[in-house]
Amino acid sequence: MIPLRLDEIAAVTGGTVKGDGDVRVTAPAVLDGREAEPGGLFVAFAGERVDGHDFAAQAGEAGAVAVLGSRPTALPTVVVADAQAALQALAAEVVRRLRHRLTAVGVTGSQGKTSTKDLIGAVLASAGPTIAAHGSANNELGVPVTMLRADEDTRFLALEMGARRIGDIAALARLCAPDAGVVLNVGLAHLTYFGSRQGIAQAKGELVAGLAPGGTAVLNADDPAVVAMRALTDGPVLTFGAAEHADVRVTGLELDRLGRPSFTLRAAGAAARVALPLIGAHQAHNAAAAAAAGLAVGVPLDAAAAALETASLSKWRMELRDLPGGGVLLNDSYNSNPDSARAALDALAVVEGGRRIAVIGGMLELGGESDAEHLAIGAYAAARADVVVAVGEEARPVAAGAGERGIALGGNDAAAAWLRGRVEDGDVVLVKGSRAARLDEVADALLRQGG
């Protein structure tokens with residue numbers, strides 16, 4: 001974050017300083033006081049059960065020098081009427097001051113946002129100092145917090161943008177109109193909130209409509225709903241994918257024994273071979289999106305390809321781990337929807353090993369399609385795994401869809417107990433579910449106890 005006095009922050013946010021207005025914030029803003037850095041700003045929210053203002057002293061012990069909140073605290077505080085609006089206003093102002101040298105790239109889509117954001121971050125970092133969102137910090141709080149990590153040395157900003165309603169991405173884009181915007185796909189994630197694929201497409205298209213003047217839309221050539229977003233911009237468009245007409249095209253895709261993809265990226269007469277250290281054929285598509293984003297902001301194809309070969313992903317996304325008792329774990333437990341579940345199951349199918357065991361949790365926010373989608377995933381899993389373990393009530397139809405290969409278990413403890421003693425040397429175990437299912441607990445149990 002660029003250094004700012006509290007009275008400057010108050011002027012930007014329309015707040016009032018309680019305490020020393022000359023205190024300087026020199027480190028990033030945080031929402032969790034335990035994560036504060038020396039010189040940092042703690043943003044406090046008063047929730048229904050927990051009031052963040054009560055943790056100001058704790059934030060101060062961790063290094064925070066000031067608070068942005070709705071009432072005075074033990075630290076010098078900028079008191080505002082709406083902490084969320086103030087946080088966003090501060091982030092927008094900081095980025096505005098840096099725009100003379102800062103290039104911003106946004107990414108959205110129904111699935112693959114975080115992995116692609118990680119890959120974009122790696123590509124951009126090959127060309128200059130880059131700030132990328134931590135994990136899935138993609139909402140009305142996570143995006144401005146990421147923006148506030150930028151300083152005078154930052155050259156690139158990689159922002160992930162999610163939505164639960166029409167207008168969410170438009171609001172995020174107004175904070176920092178990106179110079180390039182990547183739209184990955186239009187799937188069924190959050191169908192409960194949007195009601196239809198058309199509604200989801202409208203929400204994702206807000207990133208294209210919200211680009212900076214002259215900004216480049218980076219669109220998935222393989223998804224007709226995304227290609228149609230060309231109509232939302234008068235600026236340049238770059239496409240990516242496997243389609244012959246894609247501007248950045250994936251060709252010659254091969255998978256090694258662990259399901260890691262190697263392929264050639266072709267763009268504007270240039271070609272670069274890439275061997276990703278990631279699991280799953282779908283990562284080649286994400287890599288093409290990242291390379292296209294790089295091209296849109298001036299990163300050459302060969303530099304992007306080299307960066308992709310050293311990239312890593314946020315936790316619990318197709319993590320490959322050896323199990324203590326033998327066998328291999330594919331931990332993809334951060335989140336799930338029908339399309340990402342199929343991609344994970346495809347990866348499970350190509351990893352060399354003995355039995356393949358798919359541990360599947362519920363996929364949330366699918367509305368009236370929930371049972372049908374879980375049944376379909378069960379059938380899909382049964383064609384790629386020897387055993388399909390459905391965990392939790394939401395996932396019960398997965399077991400039915402898997403037929404004789406399926407088993408339904410009540411929760412994570414039951415799943416861990418069932419797997420214990422059944423996972424053998426050479427087995428490959430996939431753990432996949434929505435965040436609310438917390439299947440990382442099952443993955444941790446396997447790593448601690450083995451087979």
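Predicted model: local features only at pLDDT ≥ 70, side-chain atom pairs only at ≥ 80, totals over all residues.

Q: OK, so is Ser110 buried or exposed?

A: Ser110 has a relative accessible area of 5%, so it counts as buried.

Q: And where is Ser110 found?

A: Ser110 sits in the loop between E8 and helix H4 (113-125).

Q: What does Ser110 touch, beyond residues up to four places away in sequence?

A: Its contacts are Asn185, Val186, Gly187, Ala189, Ile200, Lys204 and Asn337.

Q: Which residues does UniProt list for "binding site"?

A: The UniProt entry, which is unreviewed, lists Gly109, Ser110, Gln111, Gly112, Lys113, Thr114 and Ser115.

Q: Tell me about Lys113, then. Where does Lys113 lie, and is it buried or exposed?

A: Lys113 lies in helix H4. Its relative accessible area is 11%, so Lys113 is buried by the under 20% cut-off. A polar atom of the Lys113 side chain lies 2.9 Å from the backbone oxygen of Gly109. Leaving out residues up to four places away in sequence, Lys113 touches Val107, Thr108, Asn138, Glu160, Met161, Gly162 and Leu184.

Q: Switching to the sheet: how many strands, and in what order?

A: Nine strands, in an open sheet with mixed pairing, ordered E9-E10-E8-E11-E12-E13-E14-E15-E16. Strand E9 (130-132) and strand E16 (270-275) are the edges, each pairing on one side only. From one strand to the next, the twist averages 15°.

Q: How do E8 and E11 run, and how many bridges join them?

A: Strand E8 (residues 103-108) and strand E11 (residues 180-183) run parallel, joined by four bridges.

Q: What about the largest nonpolar core? Which residues have the most contacts inside it?

A: Met147 and Leu157, in a core of 82 residues. Helix H3 (residues 83-98) gives the most to this core, with eight residues. Another core lies apart from it, with 39 residues, including Ala180, Val182, Leu265 and Ala272.

Q: Last one: which side chain does Ser370 join in a polar contact?

A: That of Glu394, at 3.1 Å. Ser370 is in helix H13 (residues 370-382), and with 10% relative accessibility it counts as buried.

Methods
Residues numbered from 1 in each chain as written. Heavy atoms only, no water. Helix = DSSP H or I, 4+ residues; strand = E, 2+ residues; numbered from the N terminus. Buried < 20%, exposed > 50% of the residue type's maximum accessible area, 1.4 Å probe, protein only. Polar contact = N/O pair within 3.5 Å; in protein donor to acceptor, adjacent residues only side chain to side chain. Core = buried A, V, L, I, M, F, W, Y, C linked by side-chain atoms within 4.5 Å. Pairing = 2+ DSSP bridges. Axes fitted to C-alpha atoms, helices over the stretch in contact; angles between N-to-C directions. UniProt positions renumbered as here; feature names shortened; annotations may be inferred. Contact = heavy atoms within 4.5 Å.
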